[in-house]
Amino acid sequence: MIRKHMHALLVILLFVAVTGCTAAKIKGTSAYFDAVKDDPVRLRIFLTDMPKGGDIHNHLSGMIYAEDFLKMAAAKGMCLDTANGYTVSDGPCKEGRVTAEKALRDTALWNGTINAWSTREDRRDSFMWGHDQFFATFFRFGAAGWDKGYMLAEAAKQANRENVQYLELMLSIFPNDLWSLSGAAAQAVADGDLAVAYADLEKAGLFDAAHMDEGRTLLADAELRRDQLLGSGPGSEVRMRFVNHAIRTLPPHVVFAMLSYSFALAAEEPRMVGVNLVAPEDDPVSMQDYKLHMDMLDFLYRLYRSDPAKQALAENVNISLHAGELTMGMVKPEGLTDHIRLAIEKGHAQRIGHGIDISYEKDPYGLLRTMREKGIAIEIQLTSNDVILRVSGNRHPLKLYMSEGVPFALGSDDMGVARTDMTTEYLRAVLDQGLGYDDLKASARNSLEYSFMPGDSLWADYGAKTVIPQCDAGETEECTAFLNVNEKAAVQWKLEQEFKVFERRW
Ligand SMILES: [Zn+2]
């Protein structure tokens with residue numbers, strides 16, 4: 001009998017030891033974090049709840065899961081080409097294709113589509129599988145992404161689920177006839193005369209009211225539909241801004257037209273806050289045209305600062321660039337030596353996306369110093385780098401950027417394609433990179449401080465974490481008045497309040 005009681009007592013003690021100590025008895029957030037940091041299961045619970053600020057490296061089409069693309073395809077009566085990567089196209093379905101509708105309730109079709117539209121079926125025993133599969137997915141599901149409002153609503157709901165307060169989403173907003181209009185600039189771009197090329201685009205009407213309205217209306221309609229879908233429910237409080245991206249694998253005059261239009265749209269449309277360049281950086285076209293693309297950015301950057309009609313709007317156009325998303329073997333060694341520097345010095349990048357090949361750059365420490373001194377943040381996407389470049393663990397340069405004082409912000413890149421979420425990026429930062437709670441908190445704060453959200457910062461001295469005098473004494477009338485007209489500060493204020501609530505638990 002006594003033995004039986006002893007046994008029960010032992011079980012209870014053991015239970016308390018395992019569950020109680022980590023859940024309630026450890027005082028302080030950092031101490032609790034340290035207690036669970038090697039336990040991926042408890043760590044995920046902690047990190048899901050942790051306020052994360054913004055996700056500022058996030059492609060809208062890559063964020064949406066294949067399941068949602070399939071739903072959009074079915075709703076529009078679209079078709080799947082099962083013999084060709086389940087590529088989606090408009091109905092009615094030609095011979096050899098099946099309706100997307102059918103895939104919704106057919107397990108084999110469903111799984112085939114999801115595997116073809118993501119990197120779920122991990123086959124990285126081949127060096128380039130992750131890279132090729134990753135980039136191929138966008139062509140397969142692309143046409144299904146017709147309902148931008150639905151996509152924005154899904155993005156907002158996902159952000160809300162994991163305590164992300166702000167999304168800076170990359171997408172493509174261009175007039176329907178951009179491709180044909182860009183032809184006007186083909187000769188001048190080929191001749192290397194960008195001023196003439198710009199004038200040709202202007203003459204062709206790319207920047208006229210109708211074309212600018214087309215872009216603005218696309219965004220406004222998408223937001224309206226998002227808001228209708230969300231109502232006042234989960235996700236409705238997530239703030240959003242957009243970054244337009246040109247596609248670096250297209251012919252040079254098309255890229256120039258895309259960049260020029262993106263500048264014009266960001267200058268005039270408050271929802272659009274910046275410009276980026278996307279598509280595989282190792283692609284032969286991307287590699288050959290890389291410097292030309294930076295020259296285009298340099299031309300537009302200067303144009304907006306020298307043309308009196310544009311000067312007042314120049315600050316509305318922010319630049320973040322995918323640069324150095326490359327690794328040894330993918331391109332010739334020489335190709336690894338200057339993309340990050342060119343993005344900063346020629347492309348005027350205020351933030352760098354990936355920057356994986358930093359250790360191959362010429363004068364890497366000088367470049368890191370420039371980034372630190374100019375406050376050029378590095379956007380870190382750990383899952384994406386592992387899947388596409390197979391760079392992880394101590395081969396990833398995150399620790400180098402951190403130790404050289406370059407501000408960093410974790411981003412999800414393409415959670416739908418990689419079938420992850422933002423919490424996974426935080427989880428990897430701990431498990432794969434050994435980051436501590438304070439590092440994660442710095443990332444969350446950086447993702448707002450270095451975001452392109454309009455308005456002044458909450459911080460008078462960001463390094464010292466001194467808030468502006470108006471909000472020194474808490475949420476006074478003076479502080480509220482400041483937050484009402486400075487969106488960035490308002491979201492930062494909200495993050496700080498959420499940290500207080502989160503940290504009070506321990
Ligand atoms: Zn990206």
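Tutor: Buried means under 20% relative accessible area. Keep that in mind for this predicted model.

Student: What makes Asp147 buried?

Tutor: Its relative accessible area is 7%. The cut-off is under 20%. Asp147 is therefore buried.

Student: Where does Asp147 lie?

Tutor: In the loop between helix 8 (129–141) and helix 9 (148–161).

Student: How do you know that Asp147 makes a polar contact with Arg225?

Tutor: The two side chains come to 2.7 Å. A polar contact needs a pair of N or O atoms within 3.5 Å, one able to donate a hydrogen and the other to accept it. The pair of Asp147 and Arg225 counts as such a contact. Leaving out residues up to four places away in sequence, Asp147 touches Met72 and Arg225.

Student: Now the metal. What makes His57, His59, His322 and Asp413 ligands of the zinc ion?

Tutor: Donors are N, O and S atoms within 2.8 Å of the metal. Here NE2 of His57, His59 and His322 and OD of Asp413 sit at 2.1 to 2.3 Å.

Student: Why is the site of the zinc ion called irregular?

Tutor: Its four donor atoms make angles of 85 to 174 degrees. Tetrahedral requires all angles between 85 and 135 degrees.

Student: Which parts does the pair His59 and His322 tie together?

Tutor: His59 is in strand 1 (residues 54–59) and His322 in strand 8 (residues 318–323), so the pair links parts 263 residues apart in sequence. The donor spacing reads H-x1-H-x262-H-x90-D.

Student: Are His59 and His322 buried or exposed?

Tutor: His59, at 7%, is buried. His322, at 4%, is buried too.

Terms used:
Residues numbered from 1 in each chain as written. Predicted model: local features only at pLDDT ≥ 70, side-chain atom pairs only at ≥ 80, totals over all residues. Heavy atoms only, no water. Donors = N, O, S within 2.8 Å, 3.2 Å for Na, K, Ca; no water. Tetrahedral: all angles 85-135°; square planar, octahedral: opposite > 155°, others 65-115°. Helix = DSSP H or I, 4+ residues; strand = E, 2+ residues; numbered from the N terminus. Buried < 20%, exposed > 50% of the residue type's maximum accessible area, 1.4 Å probe, protein only. Contact = heavy atoms within 4.5 Å.
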